[in-house]
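Please consult the sequence and the structure alongside the text.

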Amino acid sequence: MDRFKEIEAFVQVMEHGSLAAAALHAGITPVMMGRRIDALEKRLGTRLIHRSTRRLVLTEQGASFLDECRVLLAQWAAAEATVSAQRHSASGHLVVSAPAAFGRLHVAPHAAAFLQAHPAVKLSFNLTDRVVDLVRDGYDLGLRIGGVVDPNFVAIKLATNQRVVCGTPAYFRQHGQPQTLDDLQHHNCLAFNLQGGQQRGWYFQQDGKPVSVRVEGNLDCNDGELLHRWVSDGLGLGWRSTWEIQAQLQRGELVTVLDAYALPAYDILAVYPQQRHLPAKVRFFIQHLKQVYAQPGYWLG
């Protein structure tokens, strides 16, 4: 029998004055209440209560033990209240990793509102396009855009993203629009270089299969924001994420091409190590971002 229930029964019986009253309060039968007291006395090897048909009288050992049990139950209740309160309020140091450009545009700007709602939290960001080891490097949370997630981690969908080929209307007026993947060889394609951590290829879907197309251009770099700026300036075509250009597409500043070959949409994820109890600071920050991203028109700026 559960030791806690035995102790709780002992205190309830003495506070209510009878087995019947204590049992009614606990929602069990008087017989079950009596069995709990019997089990407690047997385990302790001493009698705690002298029971008669009319009244209950504590023994000397019972009186001393009752005081200690009341303290124990009060401490237990306080501990539960503390844990329950933590479910509704976040505190501590939250360390977050995110891709550089995405973090600057869609994570860091929402920190102030989160901290206003949760003033006991301290936030630290590491914005990098390198895939970090969350456990080894001490991160509470990582934001990832697509990719394979380690089975030892939990991944929560925040939003949907897609990679598209795009350029300015002015660029297309001067150079025309590519109609097939082979046409890309005749266009100035602005891509990551090897130092940017990617091969100089863009990925598509053709006849239901993924394909990689090697592209060339007169500019390359290892920074996504710089590539985005060059495309926006009409210097060539880019293979960009919709989270980055959706507002420009809506305004007509950029136009997509080769949409029939675009890879299926994939998720923007919040990723954290599997754990029995997720800290409130992590849970609330994920909820905060999901609510922000779900606002109508958010991705349109």
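A nonpolar core is a set of buried Ala, Val, Leu, Ile, Met, Phe, Trp, Tyr and Cys residues joined through side-chain atoms within 4.5 Å. The model described here is predicted. Its largest nonpolar core has 28 residues, and helices α8 and α9 come within 12 Å of each other, axis to axis.

**Nonpolar cores**

- In the largest nonpolar core, the residues that touch the most other members are L94, L141, L143, F285 and Y293.
- Two or more residues of this core come from each of the strands β3 (92-98), β4 (121-127), β5 (141-145), β6 (153-161) and β14 (266-273), and from each of the helices α5 (100-106), α6 (111-117) and α10 (280-293).
- Helix α10 contributes the most, giving eight residues to this core.
- Beyond its neighbours within four places in sequence, L94 is in contact with F114, V121, K122, L123, S124, D140, K281, V282 and F285.
- Another core lies apart from this one and has 18 residues, including V11, V13, L56 and C69.

**Packing of α8 and α9**

- Helix α8 spans residues 224-232 and helix α9 spans residues 242-251; their axes cross at roughly 20°.
- Because angles under 35 degrees count as roughly parallel, α8 is roughly parallel to α9.
- The crossing of these two helices, α8 and α9, is right-handed.
- On the α8 side the contact is made by G224, H228 and S232, and on the α9 side by E244, I245 and Q248.
- Sorted by class, the residues in this contact of α8 with α9 are one nonpolar, four polar and one charged.

Conventions:
Residues numbered from 1 in each chain as written. Predicted model: local features only at pLDDT ≥ 70, side-chain atom pairs only at ≥ 80, totals over all residues. Heavy atoms only, no water. Buried < 20%, exposed > 50% of the residue type's maximum accessible area, 1.4 Å probe, protein only. Helix = DSSP H or I, 4+ residues; strand = E, 2+ residues; numbered from the N terminus. Contact = heavy atoms within 4.5 Å. Axes fitted to C-alpha atoms, helices over the stretch in contact; angles between N-to-C directions. Parallel < 35°, antiparallel > 145°, perpendicular 65-115°, else oblique. Left-handed = near helix turned anticlockwise from the far one by under 90°. Nonpolar A, V, L, I, M, F, W, Y, C, P; charged D, E, K, R; others polar.
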